[in-house]
Amino acid sequence: MAEKQNEKTPLVGIIMGSKSDMPVMEGCTAELEALGVPYELVIASAHRTPEKVHEWASTAADRGIKVIIAAAGKAAHLGGVVAAFTPLPVIGVPMKTSDLGGMDSLLSMVQMPSGVPVACVAINGAKNAAIYATQILGATMPEYREVVVQLKKEMAEA
């Protein structure tokens, strides 16, 4: 089902509503690679391919995914739809849009109903989504906690 996958069993699932999100989301994949976090990536729209989103999200935990990053623009329902179909934490990345500069995407993600949370980073905040996903992994996986500790040390020394 995944369109792109690392060699190791993926721990982070990345889903994007459109191929046009890829240039921004390369910041996410590059950061995950730098942090040594295996991921899978799929393109599926909550509006154009809802069955694909349902299948991917509802089977993510069974495939070993621990955290999901969902990137979408405009109505940006992807993160919420994914969150409805999985018990895993979902991080939304609102995409900048030509219409409203990404505020439409941001507001769609942060206005989730009670019981269906989606964490949200800044508009086009793909790199932070990768770091946050790694921090979530680090809560139970010491090797990723150490990666984040090292990253923060490097930032402090820069």
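Biologist: Which residues touch the most other members of the largest nonpolar core?

Modeller: In this predicted model, they are Val12, Ile14, Met25 and Ile69, out of 28 residues in that core. Strand 2 (12-16), helix 1 (22-35), strand 3, strand 4, strand 5, helix 5 (126-138) and helix 6 (142-157) each supply at least two of its residues. Helix 5 gives the largest share, with 6 residues.

Biologist: And what does Ile69 touch, leaving out residues up to four places away in sequence?

Modeller: Its contacts include Val12, Ile14 and Met25, along with Cys28, Ile91 and Val93. Ala129, Ala130 and Ala133 are on the list too.

Biologist: Which residues does the second, separate core include?

Modeller: Trp56, Ile65, Met109 and Val118 are among its 20 residues.

Biologist: Let's turn to charges. Why is the pair Glu40 and Arg63 called a salt bridge?

Modeller: The closest N and O atoms of Glu40 and Arg63 are 2.6 Å apart. The cut-off is 4 Å between a side-chain nitrogen of Lys or Arg and a carboxyl oxygen of Asp or Glu, so the pair qualifies. Glu40 lies in strand 3 (residues 39-43) and Arg63 in the loop between helix 2 (50-59) and strand 4 (67-72), so the pair ties together parts 23 residues apart in sequence.

Biologist: Is Arg63 buried, partly exposed or exposed, and how do you know?

Modeller: Arg63 has 27% relative accessibility. That value falls between the 20% and 50% limits, so Arg63 counts as partly exposed.

Biologist: How many salt bridges does the count come to?

Modeller: The count is 2 salt bridges. Asp99 pairs with Lys74, with the closest N and O atoms 2.2 Å apart. Asp99 is in the loop between strand 5 (90-94) and helix 4 (103-110), and Lys74 in the loop between strand 4 and helix 3 (78-85), so this pair ties together parts 25 residues apart in sequence. Lys74 is partly exposed, at a relative accessible area of 40%.

Biologist: Good to know! Which residues lie nearest the centre of the largest pocket?

Modeller: Lys74 turns up here again, together with Ser18, Asp21, Ala72 and Gly73. The pocket has a volume of about 360 Å³, and 21 residues line it.

Biologist: What makes up that lining, by class?

Modeller: The lining has 7 nonpolar, 10 polar and 4 charged residues.

Definitions and conventions: Residues are numbered from 1 along each chain as its sequence is written. This is a predicted model: local features need pLDDT of at least 70, side-chain atom pairs count only at pLDDT 80 or more; totals for chains, interfaces and linings use all residues. Side-chain values use heavy atoms; hydrogens and water are left out. On a 1 Å grid over the protein atoms alone, a cavity is a set of points where a 1.4 Å probe fits but cannot get out, and a pocket is an open set with protein on both sides within 12 Å along at least five of seven lines; lining residues have an atom within 4 Å of a point. Grid points are joined across faces, edges and corners, and a volume is the space filled by probe spheres set on the points. Ala, Val, Leu, Ile, Met, Phe, Trp, Tyr, Cys and Pro count as nonpolar, Asp, Glu, Lys and Arg as charged, and the others, Gly among them, as polar. Helices (H or I, at least four residues) and strands (E, at least two) are DSSP runs, numbered from the N terminus. Buried means under 20% relative accessible area, exposed over 50%, partly exposed in between (1.4 Å probe, protein chains only). A nonpolar core is a set of buried Ala, Val, Leu, Ile, Met, Phe, Trp, Tyr and Cys residues joined through side-chain atoms within 4.5 Å. Contact means heavy atoms within 4.5 Å.
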